[in-house]
Amino acid sequence: MATTPDVHRTILVVGGGIAGVTAAVEAAEAGYDVTLIEKNAYLGGRVAQLHKYFPKLCPPYCGLEINFRRIKDNPRIRFHTLAEVERIAGGPGNFEVTVGLRPRYVNDRCTACNACVAVCPAERPNAFNFGLGKTKAIHLAHEMAFPMKYVIDESACRLTECAKCVEVCEYDAIDLRMQRRALTLRVGAIIIATGWDPYDAGRIDNLGFGTYPDVITNVMLERLAAPNGPTRGRILRPSNGQEVQSAVFIQCAGSRDTSHLGYCSGICCLASLKQATYLRERNPKARAYVFYIDLRTPGTYEFFAKKVLSDPAVTIQKGKVARITEDPETKRLVVDAEDILAGEKVRLAVDLVVLASGMVPSLAAGTIAGPLRLDADHFMVEAEGGAGIFAAGCAKSPVDVATSVQDATAAAALAIETIQTAARR
């Protein structure tokens, strides 16, 4: 299809998680050029950090690896990591977008040989594992990272003052003088698939996150359970490294609360039931307790909830947790809560507490300057007719992986329609 000179056939996808990757490959395979940008050093987003995801409970690279291959094999897709949108101007068919590119300090000659890591003297918290453990300043986010290139965290590295990694690199792949760059893109439509961030559980004073090491969040448990996580799949107490014998899962940790997140994140109940199965699989003697306000497992996921709750070692109690403390003698966590159905207070001593912290749209960080409309919770609200900019996945609302994929496919179709409509005018 020919386009008029002021209508651009390229689609910009902002965000390289499961929604962004899906939108990119669907649009490219329909014959449109795509530029995909991602703020992290790798594609895959939150899905890459999971142990298993719904609906099939398969590991993340079951689906991501296929899509990464589709990206590598499709010349219509260009992608940039360490990239963020700084400004959007223009309209449907003719947007001008300014993108900032942070330096990786590692070029395309990197073979991921690991020689640089062996000599690096600087450490930093492992962001991929949500602070569970550390990496060197030069690192690969995880073993299956795409692109398979190391990156240097400039906040932890002395760069040219050290340069030990440069000395050992046989491939001349490290350039400590890389600078930040700006990229101007002209595109016909934009898909915002910026994903989500976990709510800061440290803001929930009564639940002990940040005070007691054995109080963790649901995303941290995903990393503990993952074979490429900090414990290689063993669910251990962060405080002492011992196997977890009992755990409390606290639903709506900050969600459905006007002091924190006023909305329901939709998938947390299901995720906690899934994580209870992780615990039971790793340790058949372990017990799991779930405290909830309303147990929400909508639609076809109801069968999964029934299956998990048929396990006598998984107990659910309707009620809010009042506080979490630590027994000074045993160092176990003490959970004080209410049991609404029984009309009484309960107290449990357990090894681990897992907070089902809510999903916050990454757009809440406010880094994109342009014609984006956000609601009070910072989810994107599409203009009537889309105006050439469409939201997909958790940029739009809290959804699971399957819904994100469907949403991304729809966004790709709407972006294509925008370009075709603009070309006919």
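Trainee: Is K149 buried or exposed?
Mentor: K149 is buried, at a relative accessible area of 17%. Keep in mind that this is a predicted model.

Trainee: Which residue forms a salt bridge with K149?
Mentor: That is D108, and the closest N and O atoms are 2.6 Å apart.

Trainee: What does D336 do, for one?
Mentor: D336 meets R323 in a salt bridge, 3.2 Å from N to O. R323 lies in strand β17 (residues 321-326) and D336 in strand β18 (residues 333-339), 13 residues apart. D336 also forms a salt bridge with R347, where the closest N and O atoms are 2.7 Å apart. R347 lies in strand β19 (residues 344-350), so this pair ties together parts that are 11 residues apart in sequence.

Trainee: Which residues are linked in a network of salt bridges?
Mentor: D214, R237, R332 and D351 are linked that way.

Trainee: Changing topic: what is the strand order in the open sheet, and is the pairing parallel or antiparallel?
Mentor: The order is β13-β20-β14-β15-β16, 5 strands with parallel pairing. The edge strands are β13 (215-217) and β16, each of which pairs on one side only. Neighbouring strands are turned by 25° against each other on average, direction ignored.

Trainee: How many bridges join β14 to β20?
Mentor: There are 5 bridges between β14 (residues 246-253) and β20 (residues 352-357). A247 stands opposite L352 in β20.

Trainee: Which helix packs on the sheet?
Mentor: Helix α6 (residues 268-282) packs on it and touches β14, β15 (287-292), β16 and β20. The direction of α6 makes about 170° with that of β14.

Trainee: What does the side chain of D311 contact?
Mentor: A polar atom of the D311 side chain lies 2.9 Å from the backbone nitrogen of A313. D311 is in the loop between α7 (302-309) and β16 (314-318), and D311 is buried, with a relative accessible area of 19%.

Trainee: Now the backbone. Which residues does a cis peptide bond join?
Mentor: F146 and P147, with omega about 5°. P147 is found in the loop between β8 and β9, and K149 is in that loop too.

Trainee: Which residues have a positive phi here?
Mentor: Among them are L57 and K331. L57 has a phi of about 55° and is found in the loop between β2 (34-37) and α2 (61-73). K331 has a phi near 65° and is found in the loop between β17 and β18.

Trainee: How accessible are they?
Mentor: L57 is partly exposed, with a relative accessible area of 28%. K331 is partly exposed as well, at 44%.

Key. Residues numbered from 1 in each chain as written. Predicted model: local features only at pLDDT ≥ 70, side-chain atom pairs only at ≥ 80, totals over all residues. Heavy atoms only, no water. Salt bridge = Lys/Arg side-chain N within 4 Å of Asp/Glu carboxyl O. Helix = DSSP H or I, 4+ residues; strand = E, 2+ residues; numbered from the N terminus. Buried < 20%, exposed > 50% of the residue type's maximum accessible area, 1.4 Å probe, protein only. Polar contact = N/O pair within 3.5 Å; in protein donor to acceptor, adjacent residues only side chain to side chain. Pairing = 2+ DSSP bridges. Axes fitted to C-alpha atoms, helices over the stretch in contact; angles between N-to-C directions. Contact = heavy atoms within 4.5 Å.
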